[in-house]
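Okay, everyone, thanks for coming. Let me put the structure up, and then I'll walk you through it.

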Amino acid sequence: MSKELLSRAELVMPGGVNSPVRSFRSVGGTPYFVTRAEGPHIWDSEGNRYIDYVMSYGPAIAGHCPPQIIDAIQQASGNGTSYGAPTLAEIEMAEEISVRVDGVDMVRLVSSGTEATMTAIRLARGVTGRDKIVKFSGHYHGHADSLLAAGGSGVANQGISGSSGVPASAVADTIVTPWNQIPELDKSIAALILEPLPANMGVVPPSENFLKDLRIACEQHGVLLIFDEVITGFRLTMGGASQWYGVQPDLWCFGKVIGGGLPMGAYGGSREIMSHVAPLGDVYQAGTLSGNPIATAAGLAQLKLLNASTYIKLEKTAERLAEGFALVFKDAGIDAVVPRVGPLLSIFFTDQQPSNFDEAQIAAENGVYPEFFHHMLKRGVALAPGPYEALFPSLAHTEEIIDQTIGIARDAAAEMTKR
Ligand SMILES: *Cc1c(COP(=O)(O)O)cnc(C)c1O
């Protein structure tokens, strides 16, 4: 049945999918077509249930289908779906973000992470009057032209070094530099953008004091520091990566968790910087569906489910999962590292933790991941169909679910080493 759906999908959508990471190109086989999801589980069109670690690649931090979010969506939708005029919920959403993230005085709500990073770059250029931007290889910032150079996530796993269709002129001002090395900056550079905790080339944490050193380097040259917290925001801890690492950027980009599973992104920063955004300032950015009432309702409901104790729980869950995986691989004699920072983790089938994209690529492309992926899927655990993605345990992943997962991983590892 998945095969039939795939053939039908492939006739009308490129690769049968609406986002390349969803295709099974890098692991082989046929994607499952999801019919519903609840808590830590998804069900496919053939009636199979899986323990899900994709979790929509981040948004579903409270688990799938939490009643509080569904209620909020139902209530909001009864009042209309979009107005093109300001609402109270938008104020509440902006306040909620600004209260949680120290340094964010003002935000602009948009409809995706891509819009957030794209506009943060425009804003940085507008504020500084400079053109060049610096990004790290293996960091993914969505699919805006100027940022599609040496990206992680789907850009990495489809084997595309950037993207065709992006003119050389669009990336002419993008400087790509290796992660965990302080880049050379100068006064022609508007911004340095990064994932403060990269999670789109697997999890490859910053080395000790690296973010602090970047902060200093940016200040020396008047370069704006942009944290792309589309994954880490409201996930790593209440205040995201800037709180976790104790380093404040000049601009923040958010997405994923803040939409509660609906399309939503945001960028924000100090009152001074955000005053450059139209209509206050001359950096233009707009959106018909920005601050959409249903998306803001869902996002607000999700943020209200997240507090200090839920973050402790989330981290414990991730720790149990990471330690369980690590032990399974060790016992089976499979070379693997399971990097984890707070509630985020990933798996590299190698004996040494990668510290940059080159090392991550070598580890990710050795052919072991697809094998593990399919052994897990067959037994009812859905990991992302690509070796560069993080695992996203949620508040719905109980100890029992984690232990089930580890038991299944043990069987998978046994089968992998049988030959
Ligand atoms: C997912 C992601 C984006 C893009 O967000 P979309 O909502 O998919 O456009 C940008 N940056 C990071 C770090 C991401 O993980």
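So, T296: which residues is T296 in contact with, leaving aside its neighbours within four places in sequence? They are A89, E90, M93, L109, M264 and G291, where contact means heavy atoms within 4.5 Å. T296 itself sits in helix α10, residues 293-304; helices here are DSSP runs of H or I with at least four residues, strands are E runs of at least two, and both are numbered from the N terminus. T296 has 0% relative accessibility, so it counts as buried. Buried means under 20% relative accessible area, exposed is over 50%, and partly exposed is in between, using a 1.4 Å probe and protein chains only.

Quick housekeeping. This is a predicted model, so local features need pLDDT of at least 70 and side-chain atom pairs count only at pLDDT 80 or more, while totals for chains, interfaces and linings use all residues. Residues are numbered from 1 along each chain as its sequence is written, and side-chain values use heavy atoms, with hydrogens and water left out.

Next, have a look at A384. You'll find A384 in the loop between β13 (381-382) and α14 (399-416). Is A384 buried or exposed? Buried, with a relative accessible area of 5%. Not counting residues up to four places away in sequence, A384 touches V54, Y57, Y369, F373 and E389.

Let's zoom out to the domains. The assignment, which is an automatic or database one, gives domain 1 as 2-65 + 307-416 and domain 2 as 67-303. Their centres, taken over C-alpha atoms, are separated by 25 Å. Across the boundary, 38 residues of domain 1 are in contact with 33 residues of domain 2.

Finally, the ligand. Around the ligand you'll see S112, G113, T114, Y140, H141, G142, E195, N200, D228, V230, I231 and K256, each with a heavy atom within 4 Å of it. By class, that shell has three nonpolar, six polar and three charged residues. Nonpolar here is Ala, Val, Leu, Ile, Met, Phe, Trp, Tyr, Cys and Pro; charged is Asp, Glu, Lys and Arg; the others, Gly among them, are polar.

Now some atom pairs. A polar side-chain atom of T114 is 2.5 Å from a ligand oxygen atom, and a polar backbone atom of G113 is 2.9 Å from an oxygen atom of the ligand. On the nitrogen side, a polar side-chain atom of D228 lies 2.6 Å from a ligand nitrogen atom. Taken alone, the ligand exposes 380 Å², and the protein buries 84% of that, by the Shrake-Rupley method with a 1.4 Å probe.

Note on methods:
A polar contact is a pair of N or O atoms within 3.5 Å; within protein, one must be able to donate a hydrogen and the other to accept it, and residues adjacent in sequence count only if both atoms are side-chain atoms.
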